[in-house]
Amino acid sequence: MNIYVYAIRAVEARQIKIGCSANPQARLAGFRVGNGSRGEWVVAAKVVSSEVERELHHRLAAHRLQGEWFRETPEVLAAIEELRAMGNPWTAKRGAGPDT
């Protein structure tokens, strides 16, 4: 099974959700339904295990708002750049995501 660590940005709120999913596009669709803020892809990187997500959550704990949501800070943006370096199969165009 493919596992992806993804980041979705809540544009108006300047918050970033860092999560893990076998189907990150479905996660974005759910985000749009369940949250009034417009969402956009930041990154989705294929990883070997969900441990990558856990490590990021631990490292970024000081920036956590709640659950998988983090303030958009330089440290959080740097972690996202690390995900991009791991291999981002999708562009960061608004609304673009896996399988689009």
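Colleague: Leaving aside neighbours within four places in sequence, which residues is Val-76 in contact with?

Modeller: This is a predicted model, to begin with. Val-76 is in contact with Ile-16, Ile-18, Leu-60, His-63, Phe-70 and Arg-71. Contact requires heavy atoms within 4.5 Å.

Colleague: Which residues have the most contacts inside the largest nonpolar core?

Modeller: They are Ile-18, Val-76 and Ile-80, in a core of 16 residues. A second, separate core has five residues, including Ile-8, Leu-28, Trp-41 and Ala-44.

Colleague: Why would such side chains gather at all?

Modeller: In soluble globular proteins, nonpolar side chains tend to be buried together.

Colleague: Which elements does the protein have, and in what pattern?

Modeller: It has three helices and five strands. Along the sequence they follow β-β-α-β-α-β-β-α.

Colleague: What makes Glu-72 and Arg-9 a salt bridge?

Modeller: The cut-off is 4 Å between a side-chain nitrogen of Lys or Arg and a carboxyl oxygen of Asp or Glu. For Glu-72 and Arg-9, the closest N and O atoms are 2.5 Å apart. So the pair counts as a salt bridge. Glu-72 lies in the loop between strand E5 (69-71) and H3, and Arg-9 lies in strand E1, so the pair ties together parts 63 residues apart in sequence.

Colleague: Is Glu-72 called buried or exposed, and why?

Modeller: Buried means under 20% relative accessible area. Glu-72 is at 17%, so it counts as buried. Arg-9 is also at 17% and therefore counts as buried.

Colleague: How do you know that Arg-14 forms a salt bridge with Glu-72?

Modeller: Their closest N and O atoms are 3.6 Å apart, and the limit is 4 Å. Arg-14 is in the loop between E1 and E2, so its pairing with Glu-72 ties together parts 58 residues apart in sequence. At 48% relative accessibility, Arg-14 counts as partly exposed, because the exposed class starts over 50%.

Colleague: What makes Arg-9, Arg-14 and Glu-72 one network?

Modeller: Salt bridges that share partners join them.

Colleague: Which residue forms a salt bridge with Glu-82?

Modeller: Arg-59 does, with the closest N and O atoms 3.0 Å apart. Glu-82 sits in helix H3 and Arg-59 in helix H2 (residues 51-59), 23 residues apart. Glu-82 is partly exposed at 40%, and Arg-59 is partly exposed at 38%.

Colleague: How many salt bridges does the count come to?

Modeller: Seven.

Conventions: Residues numbered from 1 in each chain as written. Predicted model: local features only at pLDDT ≥ 70, side-chain atom pairs only at ≥ 80, totals over all residues. Heavy atoms only, no water. Core = buried A, V, L, I, M, F, W, Y, C linked by side-chain atoms within 4.5 Å. Buried < 20%, exposed > 50% of the residue type's maximum accessible area, 1.4 Å probe, protein only. Helix = DSSP H or I, 4+ residues; strand = E, 2+ residues; numbered from the N terminus.
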